[in-house]
Amino acid sequence: MIKNILITGGAGYIGSHIAELLIKKKKKIFIIDNLSTGHRRLINRKAKFLLADIKNIKKVRKFIEKNNIECVIHLAAVLSVGESEKKPKKYFMNNVTGTSMLLKSLKNTNVKNFIFSSSCSVYKDGYQKVTEKTILRPKSVYGKTKLLAERIIMKYCKKNKLNYGILRFFNVVGASPSGKIGQINKYSDQLFKNLSIEIVKRKPLFKIYGDNYYTKDGTCVRDYIHVLDIAEIHSKVLEKIDKKNKSLTLNCGYSRGISVKKVINQFIRNSKHDVKVKILKKRKGDMSKIIADTTKLRKSIKWKPKYNNLSKIVKSCINWEKKL
Ligand SMILES: NC(=O)c1ccc[n+]([C@@H]2O[C@H](COP(=O)([O-])OP(=O)(O)OC[C@H]3O[C@@H](n4cnc5c(N)ncnc54)[C@H](O)[C@@H]3O)[C@@H](O)[C@H]2O)c1
C-alpha cells in the first residue's frame, strides 16, 4: 500500500482538497508549491511543505529522495484559458517544460505512480459527449500545453516503468464542507468563482461571455464536477494503478451538461439583492460545449458521484466566498 504521496500544486484549490481527503485516509502528504496562485492557508497542517518551483530539479529530487516518495500527484500549473492566449510562453514554460523537469527529478527514485491533472480542453470542440478516444484538438493554448504534458508523461512512464493516471478534469467547482478550504485564486476566470465573488456584493453583476453559441440557450455548456468527487477519484485511481500495475486515462465529470445561463439562474436564486446580467463578447479559446462520457471512469474504478447536486454545489461556493 502506498503511504508517501507528493502533491505538486498542493497549496492550490484542487490540491488542498486532495490533501485533505488523503490525510483522512491515513496517507502521508508532501507538498511542493511555488505559491504563484496557491496560498499558505490552504496547506494542510499535517502535510510537509516545500516552497519550490517544480522546475528546480535539484531541490525537488532531494525532497523526493529524503521523504521516500512513492507517488506523485502533479497539479502544479497555470490555468486561465484567457491568459494563455495572451501569454503563451508563460504557459508552455510552466505547464510543459515544468512537467518535463519534474519528471527528470523522479529518475532513479522510488516513485512508481504518477497522476496528472489534465483537462477537457484537450478535446476537439463541438461534440455532444467526449470519450477518452474522441479526437484531441485543443482550441486554446492552455489545452495545447495540457496535451503536450500528457504525451511527455506517457512516454516517460512507459520508458521508466511507472504507472500513470491521466485524469482529464472537466470543470471543477465547489468547496469542502470542512469550511477550511476552497477556491481563493480570483484570476483563473472560472464561472462559479466569478459568480461567487459578485453575489456577496451589494450590487452583483454577472457577466456572460457570449450568448450566440450553437447551444440550446446560446451560452456555453460545461460538465461541472465537485472538487470532493475529484479528490475521491484520485484516491481510487491511485489504488487501482498501483495494485494492478497499469496505467489509465480517464474523463472526470458527471456526464451532465449545464449552460452558463442555468448556473447563473441557480446563483440568482441564492441572492438577496437584485442581480444585473451583462452579455459580453465571446472570449478567445472558449469551447462552446464539452461534456464527459464517463463510462470508463465508472467502470474502471467503480466510482459514483456523491456531490453532484447543483444547488448544494452553488451553496458551498457562496458559503466559502463569505468566509474569505
Ligand atoms: N480548476 C479546474 O476547473 C480545472 C479543470 C481542469 C484541470 N485543472 C488542472 O488542475 C490543476 C490544479 O488546478 P487548481 O484549480 O487547483 O488551480 P490553482 O491555481 O488553485 O492550483 C495550482 C497550484 O500550482 C502552483 N504552481 C503553479 N505553477 C507552479 C510551479 N511551476 N511550481 C510549483 N507550484 C506551481 C500554484 O501556486 C497553485 O498552488 C491544474 O493543473 C489545472 O490545469 C483544473
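Colleague: Where is T219 placed?

Modeller: T219 lies in the loop between strand 8 (205-209) and strand 9 (221-222). Helices (H or I, at least four residues) and strands (E, at least two) are DSSP runs, numbered from the N terminus. Residues are numbered from 1 along each chain as its sequence is written. This is a predicted model, in which local features need pLDDT of at least 70 and side-chain atom pairs count only at pLDDT 80 or more, while totals for chains, interfaces and linings use all residues.

Colleague: Which residues is T219 in contact with, leaving aside its neighbours within four places in sequence?

Modeller: Two residues are in contact if their C-beta atoms, placed from the backbone, lie within 7 Å. With those neighbours left aside, T219 is in contact with I208, D211, Y213, S259, V260 and K261.

Colleague: What makes up the shell around the ligand, by class?

Modeller: The shell divides into 13 nonpolar, 14 polar and 3 charged residues. Ala, Val, Leu, Ile, Met, Phe, Trp, Tyr, Cys and Pro count as nonpolar, Asp, Glu, Lys and Arg as charged, and the others, Gly among them, as polar. Helix 1 gives the most to this shell, with 3 residues.

Colleague: How do you know whether the radius of gyration of the protein agrees with that of a compact globule?

Modeller: The radius of gyration is taken over C-alpha atoms, and the globule rule is 2.2 Å times the number of residues to the power 0.38. For 324 residues the rule gives a value near 20 Å; the protein has 19 Å, so the two agree. The C-alpha atoms fill a box of roughly 60 × 40 × 40 Å, taken along the principal axes.

Colleague: Which domains does the assignment give?

Modeller: The assignment gives domain 1 (4-173 + 223-252) and domain 2 (186-222 + 255-290 + 306-323); such bounds come from an automatic or database domain assignment. The centres of domain 1 and domain 2, taken over C-alpha atoms, are separated by 26 Å. The contact takes 23 residues from domain 1 and 22 residues from domain 2.
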